[in-house]
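These are notes for a colleague who has the coordinates open and would like a guided reading of them. The points are numbered and can be checked one by one against the structure.

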Amino acid sequence: MRQIESRLSPPMQQAIPIIRRVFKQYAPRRVELEFTAGKEWYNHSRWSLHHSGNAVDIRTRKLADRGVGIVSTLMGHFLQQELNSELGKAKYLVLVNDQGPMFPHIHVQYNPGARMSTPGDDDGKKRRSQTV
Ligand SMILES: [Zn+2]
């Protein structure tokens, strides 16, 4: 599914080869990477980032843990490390199953702004009183 890359912002396009490499390196068996633009996920709270091409979702259902176990968690961890060391710290954020176990995927986003968007944030609605 290479056509997704043309819809991504340049910084996200930079991240794709790293994502592919990390999966190749750490997936216990060969996993065909499936990228989605994100709108497939019901009520995706980070749709605005997807819409601007600053986020991708990688389907993880085909991993050994079906996307909901330690393999996926580690994959997200390695991915975050690689993105940090190669493209800059705090520029990319990797979230594993941010939509819950019903929709196993790894969400990777690029943060265009200076401030990192954190899992407690609600796109569009900034609740400053909430602590995460
Ligand atoms: Zn996503």
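1. In which loop does Asn97 lie? Asn97 belongs to the loop between strand 3 and strand 4, in what should be read throughout as a predicted model. Because its relative accessible area is 18%, and buried means under 20%, Asn97 counts as buried. Once its neighbours within four places in sequence are left aside, Asn97 is in contact with Thr60, Gly67, Val68, Phe103, Pro104 and His105.

2. For orientation, the protein has 3 helices and 4 strands, and along the sequence these follow the pattern α-β-α-β-α-β-β. Of the 132 residues in the protein, 45% are buried.

3. Helix 1, which covers residues 10-26, has 17 residues and reaches 25 Å from its first C-alpha to its last, close to the 24 Å expected at 1.5 Å a residue. Its buried residues are Pro11, Met12, Ala15, Ile16, Ile18, Ile19, Val22 and Phe23. The partners against which these buried residues of helix 1 pack are strand 1 (35-36), strand 2, helix 3, strand 3 and strand 4.

4. Helix 3, made up of residues 70-87, has 18 residues, and the 25 Å from its first C-alpha to its last is close to the 26 Å expected at 1.5 Å a residue. The buried residues here are Val71, Ser72, Met75, Gly76, Leu79, Gln80, Leu83 and Leu87. As background to such lists, an α-helix has 3.6 residues a turn, so residues three or four places apart point the same way. What covers the buried residues of helix 3 includes helix 1, strand 2 (55-59), strand 3 (92-96) and strand 4 (105-110).

5. How far apart are the axes of helix 1 and helix 3, and at what angle do these helices pack? The axes are 10 Å apart and the packing angle is about 135°, which makes helix 1 oblique to helix 3. The crossing in which helix 1 passes helix 3 is right-handed. On the side of helix 1 the contact is made by Gln14, Ala15, Ile18, Ile19, Arg21, Val22, Phe23 and Tyr26, and on the side of helix 3 by Met75, Phe78, Leu79, Glu82, Leu83, Glu86 and Leu87. By class, the residues of this contact divide into 11 nonpolar, 1 polar and 3 charged.

6. With a relative accessible area of 5%, Ile18 is buried, and, not counting residues up to four places away in sequence, Ile18 touches Leu79, Glu82, Leu83, Glu86 and Leu87. Ile18 and Leu83 are 65 residues apart in sequence, while their C-alpha atoms are 7.1 Å apart in space.

7. Val94 has its place in strand 3 and is buried, with a relative accessible area of 10%. Leaving aside neighbours within four places in sequence, Val94 is in contact with Gly76, Leu79, Gln80, Leu83, Ile106, His107 and Val108; of these partners, Gly76, Leu79, Gln80 and Leu83 are among the buried residues of helix 3. Val94 and Val108 are 14 residues apart in sequence and 4.6 Å apart in space, C-alpha to C-alpha.

8. Which residues take a positive phi in a residue other than glycine? Arg66 is one of them, with phi near 60°, and Ala90 is another, with phi near 65°. Arg66 sits in the loop between strand 2 and helix 3, and because its relative accessibility is 63%, it counts as exposed. Ala90 is found in the loop between helix 3 and strand 3 and is partly exposed, with a relative accessible area of 47%. Just after helix 3, Gly88 also takes a positive phi, of about 115°.

Notes:
Residues numbered from 1 in each chain as written. Predicted model: local features only at pLDDT ≥ 70, side-chain atom pairs only at ≥ 80, totals over all residues. Heavy atoms only, no water. Helix = DSSP H or I, 4+ residues; strand = E, 2+ residues; numbered from the N terminus. Expected span 1.5 Å × (residues − 1). Buried < 20%, exposed > 50% of the residue type's maximum accessible area, 1.4 Å probe, protein only. Contact = heavy atoms within 4.5 Å. Axes fitted to C-alpha atoms, helices over the stretch in contact; angles between N-to-C directions. Parallel < 35°, antiparallel > 145°, perpendicular 65-115°, else oblique. Left-handed = near helix turned anticlockwise from the far one by under 90°. Nonpolar A, V, L, I, M, F, W, Y, C, P; charged D, E, K, R; others polar.
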